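Here are my notes on this model. Please read them alongside the coordinates.

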Amino acid sequence: MTTNKTVLRTQNLKSYYILDVYGTKKVVKAVDGVDLEIQENEIYGIAGESGCGKTTLLKALYALIKPPLRLMDGRVVYTRGDQDIDIYSLRKDEIRKLRWEYIAYIPQGAMSIFNPVIKLKETYRDFLDSHISGKTEKEMLAIAREHIDKLGLPTKILDAYPHQLSGGMRQRVAIALAALLKPNVIFADEPTTALDVVVQRGVVQLLKSIQNLQRNTIILVTHDMGIHANITDRLAIMYAGKIIEEAATREIFKNPLHPYTQYLINSLPKFGDTGKRASTPGNPPSLANLPEGCPFHPRCPQLSEICKERIPKLTSTDNGHKVACWLMNGGEDDKNATSS
Ligand SMILES: Nc1ncnc2c1ncn2[C@@H]1O[C@H](COP(=O)(O)OP(=O)(O)O)[C@@H](O)[C@H]1O
Ligand SMILES: [Mg+2]
């Protein structure tokens with residue numbers, strides 16, 4: 001459910017890895033001109049094959065930029081109440097204050113963040129202790145217990161050591177921890193990856209419960225289109241550091257416009273289908289050595305001449321559906337794009 005109130009927006013966001021490979025400079029254009037506008041109370045999905053820049057985009061949104069990653073251009077603006085906050089204009093201590101209380105980040109493999117030698121309740125207590133003041137030990141544990149219980153997880157896990165829980169339960173406890181201070185925006189990077197299907201369902205259910213109870217905005221990154229179909233309200237498809245399609249998730253699955261999105265959807269297994277899935281040959285391009293023109297053109301089954309030369313801009317068609325493809329009418333050049 002969305003209220004159409006923007007909570008996060010970016011303008012021409014560019015973040016590159018600048019590497020020195022035996023004296024030769026190599027530039028990996030992991031996030032290359034991304035414009036986002038994310039609404040309050042929505043679950044916004046970001047999809048795309050491995051290596052297309054999803055994790056780097058989340059890092060740039062969370063201001064987790066450290067060498068070799070660099071912010072090259074653009075802005076990341078959060079709206080808090082009636083205030084606009086440009087995260088890259090804040091001091092370090094101001095960013096620290098924003099994190100966990102206003103924006104929370106669940107990194108890939110979050111299940112392994114826990115200290116193995118302390119019980120989970122101590123991790124929860126330490127976390128609360130560093131963010132809120134004036135509570136006794138007992139009160140903090142009560143807050144942790146109530147939070148865990150509300151999210152439908154067994155409260156006895158608080159008395160366990162991390163290794164006593166299954167990977168799936170540890171992952172859920174890590175996600176619940178990120179939601180403890182009721183942040184307005186939660187970033188989750190591949191939270192279901194490496195879990196089996198039944199356990200994945202539990203993680204999806206937990207994210208839904210958090211959003212239901214806390215009414216926050218969740219930005220969910222996964223390469224798994226099945227998960228997106230299940231949980232996200234709107235969906236962005238990323239390819240080679242750019243958003244190449246964006247629409248309501250239902251609309252994307254019903255009417256995918258970009259040949260790459262069509263490929264991602266067609267490669268999903270279908271009920272009762274035992275045959276081999278259609279696949280687009282090849283792999284995503286190296287982000288240090290992008291082809292001229294549309295970055296998808298070497299793999300595109302609907303290629304024409306213009307695609308080899310010019311980069312299409314992400315443009316709106318009807319009902320908020322955006323696509324960057326020369327097949328659509330009104331395609332403009334992407335003026336922000338940097339050719340290699
Ligand atoms: N620390 C790093 N140093 C250099 N290149 C990196 C680093 N991390 C990621 N990359 C490169 O940046 C590109 C985008 O990676 P990433 O954001 O992790 O994509 P995704 O999350 O979609 O798999 C890839 O080409 C990857 O090899
Ligand atoms: Mg990733």
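1. The protein chain has 9 helices and 12 strands; helices (H or I, at least four residues) and strands (E, at least two) are DSSP runs, numbered from the N terminus. The radius of gyration, taken over C-alpha atoms, is 21 Å, close to the 20 Å of the globule rule (2.2 Å times the number of residues to the power 0.38) for 340 residues, so the chain is as compact as a globular protein of that length.

2. This is a predicted model: local features need pLDDT of at least 70, side-chain atom pairs count only at pLDDT 80 or more, and totals for chains, interfaces and linings use all residues. Residues are numbered from 1 along each chain as its sequence is written, while chains are lettered from A and ligands numbered from 1 in the order in which they are written.

3. Helix H6 covers residues 197-214. Its first and last C-alpha atoms lie 26 Å apart, close to the expected 26 Å (1.5 Å times one less than its number of residues).

4. In H6, Gln200, Val203, Leu206, Leu207, Ile210 and Gln211 are buried (20 or more other C-beta atoms within 10 Å of the residue's own; exposed means 12 or fewer, partly exposed in between; C-beta atoms are placed from the backbone). Seen down the axis of H6, they fall within an arc of 130 degrees (directions from the helix axis to the C-beta atoms), so they line one face. The face turned away carries exposed Val197, Val198 and Asn212.

5. Just after H6, Arg215 takes a positive phi of about 55 degrees.
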